[in-house]
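Subject: Handover of a structure and notes on its contents

Dear colleague,

Please find below the structure that I am handing over to you.

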Amino acid sequence: MLGKIFYAFLTLQILLFGNFCSDFVQAQKVIEPPPMIQKSIPQTAEREKLTGEYAKQHYGLSQTTIVPQAVIVHWTAGSTWQSAYNTFLPETRGDGTVNVCSHYIVSKDGTIFCLTEETALNRHAIGYNWCSIGIENVGGVGGVEDLTQAQLQANIALIKYLHAKYPTIKFVFGHYQQVAARASGLYVEHVQGYYSIKSDPGKKFMRELKNALEGDGLTFFPI
């Protein structure tokens, strides 16, 4: 009799453990990356040094990598992905500091170009570079909101992938929402008066992006 009770108890434990493992695997579900083209910006020793200097000056941090906590969406204000890539390619700006760069460029037809490691510290958004991944979308020349549906779908797929890969990502916002995004507690800037006004990637694009990702557990800010 005791043997039957023990067997029944053991069977129950196995079933419960199996259910737990199933739930755990589902919770850890990995999303495959969307199709993308590797178009790397060379991470030279000089670029690494300048990035470290930038992080120290602006954030008081000794780092050239990030733990992603936000995704910031931009437009390039140019007409081709090549022009954006060529802008990012040099190591330095005219003032000798590290050049601007983003982690991804998305072309008009929705092609995603990967420029750097997702955990690289890139200079793409004042106050948030130390913790954010940047996605540049080709368009916005003259401030015209002309990003395409193909770009929207590419951004949705890319952000879903990044959020699954990095559970530390909690926020998504457009570059123009940089002030509203201070509510995240992520904004850091040690250089007084260092600020610029932005309009990218446009309210229409961000509204559609927010609507598409509202069930993904991400925080957006007022459009």
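Residues are numbered from 1 along each chain as its sequence is written, and side-chain values use heavy atoms, with hydrogens and water left out.

Confidence and overall make-up

The average pLDDT (the predictor's confidence in each residue, from 0 to 100) of the protein chain is 90, and 87% of the residues score at least 70. Residues 1-28 have a pLDDT below 50, and this stretch makes zero contacts (heavy atoms within 4.5 Å) beyond near neighbours in sequence. Where pLDDT is low, the predicted coordinates should not be read in detail.

Five helices and six strands make up the protein chain; these are DSSP runs numbered from the N terminus, with helices (H or I) of at least four residues and strands (E) of at least two. Their order from the N terminus is α-β-α-β-α-β-β-β-α-β-α. Of the 223 residues, 42% count as buried, a word used for under 20% relative accessible area, with exposed meaning over 50% and partly exposed in between (1.4 Å probe, protein chains only). Among contacts with a separation of 6 or more, 76% are between residues 24 or more positions apart.

The sheet

The six strands form an open sheet with mixed pairing, in the order S1-S4-S3-S5-S2-S6; two strands pair if DSSP finds at least two bridges between them. S1 (36-38) and S6 stand at the edges with a single partner strand each, so one side of each has no neighbour in the sheet. From one strand to the next, the twist averages 25 degrees. Angles run from 0 to 180 degrees between N-to-C directions, and axes are lines fitted to C-alpha atoms, for helices over the stretch in contact.

Strand S5 (132-137) pairs with S3 in the parallel sense over three bridges and with S2, also in the parallel sense, over six bridges. The bridge partner of Ile105 in S5 is Glu136, that of Val106 is Asn137, and Val71 stands opposite Ile133. Six of the six residues of S5 are buried, so this strand is largely enclosed by the rest of the structure. Ser132, Gly134 and Glu136 are buried on one side of S5, and Ile133, Ile135 and Asn137 on the other.

Helix H3 (residues 81-88) lies across S3, S4 and S5 and runs at about 160 degrees to S3. H5 packs on the sheet by touching S2, S5 and S6, and its direction makes about 160 degrees with that of S6.

The nonpolar cores

A nonpolar core is a set of buried Ala, Val, Leu, Ile, Met, Phe, Trp, Tyr and Cys residues joined through side-chain atoms within 4.5 Å. The largest one has 45 residues, and those with the most contacts inside it are Tyr104, Ile159, Leu162, Val172, Phe173 and Leu209. Elements giving two or more residues to this core include helix H2 (45-59), helix H4 (149-165) and helix H5 (203-213). H4 provides the largest share, seven residues. A second, separate core of ten residues includes Trp81, Tyr85, Cys101 and Val138.

Leaving out residues up to four places away in sequence, Tyr104 touches residues that include Met36, Phe113, Ile135 and Leu162.

Two loop residues

Ser107 is found in the loop between strand S3 (104-106) and strand S4 (112-114). With a relative accessibility of 7%, Ser107 counts as buried. Beyond its neighbours within four places in sequence, Ser107 is in contact with Trp81, Phe113, Val138 and Gln151.

Asp146 has its place in the loop between S5 and H4. This residue is partly exposed, with a relative accessible area of 29%. Not counting residues up to four places away in sequence, Asp146 touches Lys108, Gly139 and Gly140. Its C-alpha atom is separated by 9.2 Å from that of Pro201, 55 residues apart along the chain.

With kind regards

How values were computed. Predicted model: local features only at pLDDT ≥ 70, side-chain atom pairs only at ≥ 80, totals over all residues.
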